[in-house]
Amino acid sequence: MFEESIVRWGTHSAKWDLLAADLGQDALSLSVADMEFATCPAVSRAITRACEPGIFGYTEVFDDFREAVRGWQARRHGWSPAVGDVHFFPRIVQCVSALCAIVLPGQLGRTPRVVTLDPAYGPIIEVVKRAGCELRRVPLDLSEGRVVIPEQRFAEAMRDADLLLWCNPHNPTGRVWTSEELDMVSALALTYGVTVLSDDIHADFQRPGRNGYRPLAIHSQQLWESGRLIQCCSPGKTFNSAGLEASAIVVRGVLGARLEEAKRLMGLHNPNFFAIPAAIAAWNEGDEWVDQLRERIDANLRVAVARLREELPLARVVDPDGTYLVWVDARSYLPSATLLAEAVARSRVAVSAGEDFGEQYEGFFRINVALPERDLERALERLCEAILALSVH
Ligand SMILES: Cc1ncc(COP(=O)(O)O)c(C=O)c1O
């Protein structure tokens, strides 16, 4: 399992047919965060079953979806939210949009002030900006390859903020936040009355022996009970099913009702035909497959971090606690976006450029290691060779 190289050209893939199109047929891609592994057999079976009648009409969300969310959270993460607190959204990005463009402005009578840590996942930042919010981006301290929250700056940003966009495990650094960091976040949110959206889309990829993932909701009961904590869960990364568009937004009380109303305003009623059966199969039947996947990812991360550190000793390579992503500060070699683009073209290996996560990250890049190990090794070899050939050193 996880060894077959699957050809995805011609599937309307954003990662391949758009972003790797200029690199030629022997391109390898370490960019967009979907995996090069076929999904769990239970998910494929659910989709095949759904196809059988040959009718692709409107679908609806029932308690079997909400129960599947609760079951997965309870078994995997020790959290058992009430079924009534689970809300379907096609995508987490749409939930952020509903919150920033509709729910919070309606509540506050003005545009919201939003805090996030940098580097940050670009499409969420885009949504916040397009909603006209005041965006406060607090840069993480990334010196020495560590990932540290600058506490004072973070606390200042939170002081009169309306929303914290929290991401755990963090994309792109792969950091899983410690109990102390979660304590700090919940204390600040409670003190200043800030709503927290915890985007935990990468939650299932924690690595053995590293900081363990815990949902903020169980870490801070008080924050959860305040009704100002939104937990975002998704099978999208875990089961390589992002294109099916299913996520679960878990929140107590009136904020959940407001998000449901905003969803209607956005015209997001009736999920994609395959979203619900696939999500239910994933969460009810996917445990064993995910356990095996996590072993593969952990092994690939070890390969990638070791290789990058050996070949590019002047780069700062973050060894992640979770996710299948590695964040690299390669400014010592390729200080500009143009040089990185040249290395990508020369190696025919696509990566995600640092600027996608904040404009100050020129010379950084993110790689995705969720591909067969043989392909990962070939990609790293080609990429490092091109970086060294173009290096300013
Ligand atoms: C941190 C994070 N949040 C959200 C998303 C996108 O989620 P969705 O497709 O449900 O909007 C991604 C995708 O890469 C991500 O990394």
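**Ligand site**

I looked up R91 and found one of its polar side-chain atoms 2.9 Å from an oxygen atom of the ligand. I count a polar contact as a pair of N or O atoms within 3.5 Å; within protein, one must be able to donate a hydrogen and the other to accept it, and residues adjacent in sequence count only if both atoms are side-chain atoms. This is a predicted model: local features need pLDDT of at least 70, side-chain atom pairs count only at pLDDT 80 or more, and totals for chains, interfaces and linings use all residues. Residues are numbered from 1 along each chain as its sequence is written, and side-chain values use heavy atoms, with hydrogens and water left out.

I then checked K237, where a polar side-chain atom lies 2.7 Å from a ligand oxygen. For H202, a side-chain N or O atom sits 2.9 Å from an oxygen atom of the ligand. The residues around the ligand also include Y121, C167, N171 and D199; near here means a heavy atom within 4 Å.

**Cis bonds**

I found another cis bond from N168 to P169, with omega near -10°. Most peptide bonds are trans. P169 is in the loop between strand 5 (163-167) and helix 7 (179-192). P172 is in the loop between strand 5 and helix 7. Helices (H or I, at least four residues) and strands (E, at least two) are DSSP runs, numbered from the N terminus.

**Two domains**

I noted domain 1 as 14-40 + 288-390 and domain 2 as 45-285; the bounds come from an automatic or database domain assignment. Their centres, over C-alpha atoms, are 25 Å apart. Domain 1 puts 33 residues into the contact and domain 2 puts in 34, with contact meaning heavy atoms within 4.5 Å.

The two domains bury about 2900 Å² between them, 52% of it on carbon and sulfur atoms. That is accessible area (1.4 Å probe) lost on putting the two parts together, summed over both. R294, D321 and T323 supply 23% of what domain 1 buries against domain 2, more than any other three residues.

I read off four salt bridges between the domains; each is a side-chain nitrogen of Lys or Arg within 4 Å of a carboxyl oxygen of Asp or Glu. R207 and D319 form a salt bridge at 2.9 Å, N to O.
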